[in-house]
Amino acid sequence: MRRLLPMAGATLALLLVTSAAQASGCIASKPGTGLSADEASAVYDCLKDALLDGYRQGDKRWIPGDYVDSFRLWERASRNPAFSPAHGGRHLLTYVNAAGARDYLRFSDSDVTMPVGTLIAAESFSVDERGRAQPGPLFLMEKVEPGRSPQTDDWFYMAVAPNGSPMVMDVISACSACHQGRFGQRGGLGYPPVEARAVPVPASGGQPE
Ligand code: HEC
């Protein structure tokens with residue numbers, strides 16, 4: 001499993017370069033690696049409108065535009081943006097659509113079979129060593145019909161750059177090798193870090209807690 005990481009790491013370094021873009025004017029008091037949940041949320045609150053405006057710019061080509069228009073209306077799978085070393089050291093905030101919410105939000109380590117039509121989106125931003133925040137890509141996964149993409153366990157991987165362009169990449173080496181190599185036993189899903197996971201909505205009535 002581990003042997004897949006250097007290759008994936010190299011590709012993500014490339015993603016970092018392609019999306020190194022506009023400064024946002026949103027500043028944290030410390031580097032991204034040290035932000036608390038509240039501090040990361042504050043950065044996100046400052047950045048979120050510009051982030052979405054960026055993703056929505058221009059032609060999405062092979063990425064359905066309504067994924068980008070609607071992902072913020074899906075279930076939130078993260079309580080707060082959380083640092084993700086695997087995605088170029090950015091903070092990620094994850095959402096799942098209605099088709100996949102019940103299964104994804106179990107955050108199960110085994111017996112994961114995600115329904116066809118599941119869409120998962122992770123918007124991202126980075127915070128540099130001086131606290132300056134910068135928009136990052138919108139990472140997307142879609143579960144497609146069995147046999148349509150056997151090499152990626154029938155997940156389509158997509159990414160939209162902060163300026164709205166669909167990102168051209170070899171999804172096997174850039175995305176799937178890591179997801180399948182590290183999380184193959186749980187459907188290829190990484191899940192947000194435990195402390196940042198949304199509390200699943202109870203099946204009927206009642207308040208969480
Ligand atoms: C080096 C490993 C690695 C690579 C490469 C990678 N990911 Fe991930 N991905 C993760 C991990 C770990 C998580 C969950 C934890 C987190 O939020 O960082 C995750 C989470 C996600 C999620 C939220 C769904 C889930 O799995 O819980 C999406 C969507 C996603 N990645 C898409 C992508 C796309 C698209 C690419 C390629 C551009 C990619 N990833 C490349 C490791 C990776």
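Strands β3 and β4 run antiparallel and are joined by six bridges. Within that pairing, Y95 has A121 of β4 as its bridge partner. Strands here, at least two residues of E, and helices, at least four residues of H or I, are DSSP runs numbered from the N terminus. Two strands are said to pair if DSSP finds at least two bridges between them.

Before I continue, a word on the model. The structure is predicted, so local features need pLDDT of at least 70 and side-chain atom pairs count only at pLDDT 80 or more, while totals for chains, interfaces and linings use all residues. Residues are numbered from 1 along each chain as its sequence is written, and side-chain values use heavy atoms, with hydrogens and water left out.

Let me stay with β4. It also runs antiparallel to strand β6, residues 138-143, through four bridges, and L119 stands opposite E142 in that strand. A further antiparallel pairing, over three bridges, links β4 to strand β5, residues 133-135. There, F125 stands opposite P135. β4 and β5 form a hairpin with five residues between them, and G131 in the turn has a positive phi of about 90°.

How many residues of strand β4 are buried? Nine of the nine residues, 119-127, are buried, so the strand is largely enclosed by the rest of the structure. Buried means under 20% relative accessible area, exposed means over 50%, and partly exposed lies in between, with a 1.4 Å probe and protein chains only. Both faces of β4 are covered: L119, A121, E123, F125 and V127 are buried on one side, and I120, A122, S124 and S126 on the other.

I turn now to the overall arrangement. The protein has five helices and seven strands, and along the sequence they follow the pattern α-α-α-β-β-β-α-β-β-β-β-α. Of its 209 residues, 48% count as buried. Among contacts between residues at least 6 apart in sequence, 60% join residues at least 24 apart; a contact means heavy atoms within 4.5 Å. The protein exposes about 10600 Å², and carbon and sulfur atoms supply 54% of that area. Accessible areas come from the Shrake-Rupley method with a 1.4 Å probe, and for residues only the protein chains shown count as cover.

The next topic is the metal site. Which residues are the protein donors of the iron atom of the ligand? They are H87 and H179, each through NE2, lying 2.1 Å from the iron. The site is octahedral, with angles of 76 to 180° among its six donor atoms. The two histidines link distant parts of the chain: H87 is in the loop between β2 and β3 (90-96), H179 is in helix α5 (residues 171-183), and they are 92 residues apart. Both H87 and H179 are buried.

For the terms used here, donors are N, O and S atoms within 2.8 Å of the metal, or 3.2 Å for Na, K and Ca; water is not among the atoms, so sites may look incomplete. Six donors count as octahedral if opposite donors are over 155 degrees apart and all others between 65 and 115.

Strand β2, residues 82-84, includes S84. S84 counts as buried because its relative accessibility is 11%. Leaving aside residues up to four places away in sequence, S84 touches G89, R90 and L92.

Now to the cysteines. A search of the whole structure finds one disulfide, a disulfide being a pair of cysteine sulfur atoms within 2.5 Å. The bond joins C26 to C46, with 2.0 Å from S to S, and the link is left-handed at -85° about the S-S bond. C26 lies in the loop between α1 (5-19) and α2 (37-56) and C46 in helix α2, so the pair ties together parts that are 20 residues apart in sequence. C26 is buried at 4% relative accessibility, whereas C46 is partly exposed at 46%. Elsewhere, C175 is buried at 13%, and C178 is buried at 12%.

Finally, two backbone details. R61, in the loop between α2 and α3 (65-70), has a positive phi of about 50° although it is not a glycine. R61 counts as exposed, at 61% relative accessibility. Y191, in the segment after α5, has a positive phi of about 65° and is likewise not a glycine. Is Y191 buried or exposed? Y191 is buried, with a relative accessible area of 10%.

Conventions:
Four donors count as tetrahedral if all angles lie between 85 and 135 degrees; four count as square planar and six as octahedral if opposite donors are over 155 degrees apart and all others between 65 and 115; anything else is irregular.
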